[in-house]
Amino acid sequence: MLKPQRSVLLRTGPKPKIEGDPHPADQHVGRQIATVRVQSDVSQAQLARSIGISFQQLQKYENARNRVSASMLYEIASSLGVPVGRFFEGLPGNDERRVEARPLPVDERLDFIASAEGRRLIEGLVKLPPRVRGRVSSLISALGEELALLDAKRDNETAGESPPAECKTV
């Protein structure tokens with residue numbers, strides 16, 4: 001006995017995305033959660049505990065790998081002591097007049113802190129004794145200053161100028 005054939009619908013438009021880049025609004029909200037959390041001096045683990053989720057889930061919200069539900073956004077805002085609307089500040093099209101808003105400046109330090117590399121570095125630093133941590137911090141600052149001087153020297157030499165006195169090698 002033959003089975004009846006099922007009709008097949010043919011799709012005429014583009015195939016819907018199953019996986020892809022997160023929506024810009026989700027990215028913005030995630031960055032704002034991270035920004036407010038860092039400004040409030042709250043760790044991911046502390047915030048996650050206070051709202052009843054794992055810190056990994058909070059990382060997914062902050063990195064826009066998962067969308068934040070309205071109720072979870074409410075819990076996050078309540079825990080951090082800010083209005084829910086704070087997470088939408090600077091999002092284009094979010095004001096009452098529908099004038100394009102300027103995006104909030106992105107502080108690359110916050111992006112680094114929210115990255116896996118930044119979290120590993122901070123976790124490693126926190127494990128160090130305070131005196132050693134201070135010395136590592138001084139070393140990093142000194143390296144940054146030296147690299148800035150070398151960059152300035154290279155830029156001046158490229159422009160045909162003589163390097164500043166502090167950049168001259170002995």
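Axes here are lines fitted to C-alpha atoms, for helices over the stretch in contact, and the angle between two of them runs from 0 to 180 degrees between N-to-C directions. With that in hand, let's walk through this predicted model, starting with a pair of helices.

The axes of α2 and α3 approach within 8 Å and cross at roughly 105 degrees. Angles of 65 to 115 degrees count as roughly perpendicular, so α2 is roughly perpendicular to α3. On the α2 side, Q44, A45, L47 and A48 make the contact, and they meet F55, L58, Q59 and E62 of α3. Sorted by class, this contact of α2 with α3 has five nonpolar, two polar and one charged residues.

Now turn to α1, which covers residues 24-39. Its 16 residues reach 22 Å from the first C-alpha to the last, close to the 22 Å expected. Buried residues of α1 include V29, I33, A34 and V36, along with D26 and R37. The partners that the buried residues of α1 pack against are α2, α3, α4 (70-80) and α5 (108-114). Just after α1, D41 takes a positive phi of about 60 degrees.

Where do these helices come together? The largest nonpolar core has 16 residues, and α1, α2, α3 and α4 each supply at least two residues of this core. Its largest share, five residues, comes from α4. I33, I76 and F87 have the most contacts inside this core. Have a look around I76: leaving aside neighbours within four places in sequence, I76 is in contact with I33, L47, I51, Y61, V68 and F87.

Note on methods. Residues are numbered from 1 along each chain as its sequence is written. This is a predicted model: local features need pLDDT of at least 70, side-chain atom pairs count only at pLDDT 80 or more; totals for chains, interfaces and linings use all residues. Side-chain values use heavy atoms; hydrogens and water are left out. Helices (H or I, at least four residues) and strands (E, at least two) are DSSP runs, numbered from the N terminus. The expected span of a helix is 1.5 Å times one less than its number of residues. Buried means under 20% relative accessible area, exposed over 50%, partly exposed in between (1.4 Å probe, protein chains only). Contact means heavy atoms within 4.5 Å. Angles under 35 degrees count as roughly parallel, over 145 as roughly antiparallel, 65 to 115 as roughly perpendicular and the rest as oblique. Ala, Val, Leu, Ile, Met, Phe, Trp, Tyr, Cys and Pro count as nonpolar, Asp, Glu, Lys and Arg as charged, and the others, Gly among them, as polar. A nonpolar core is a set of buried Ala, Val, Leu, Ile, Met, Phe, Trp, Tyr and Cys residues joined through side-chain atoms within 4.5 Å.
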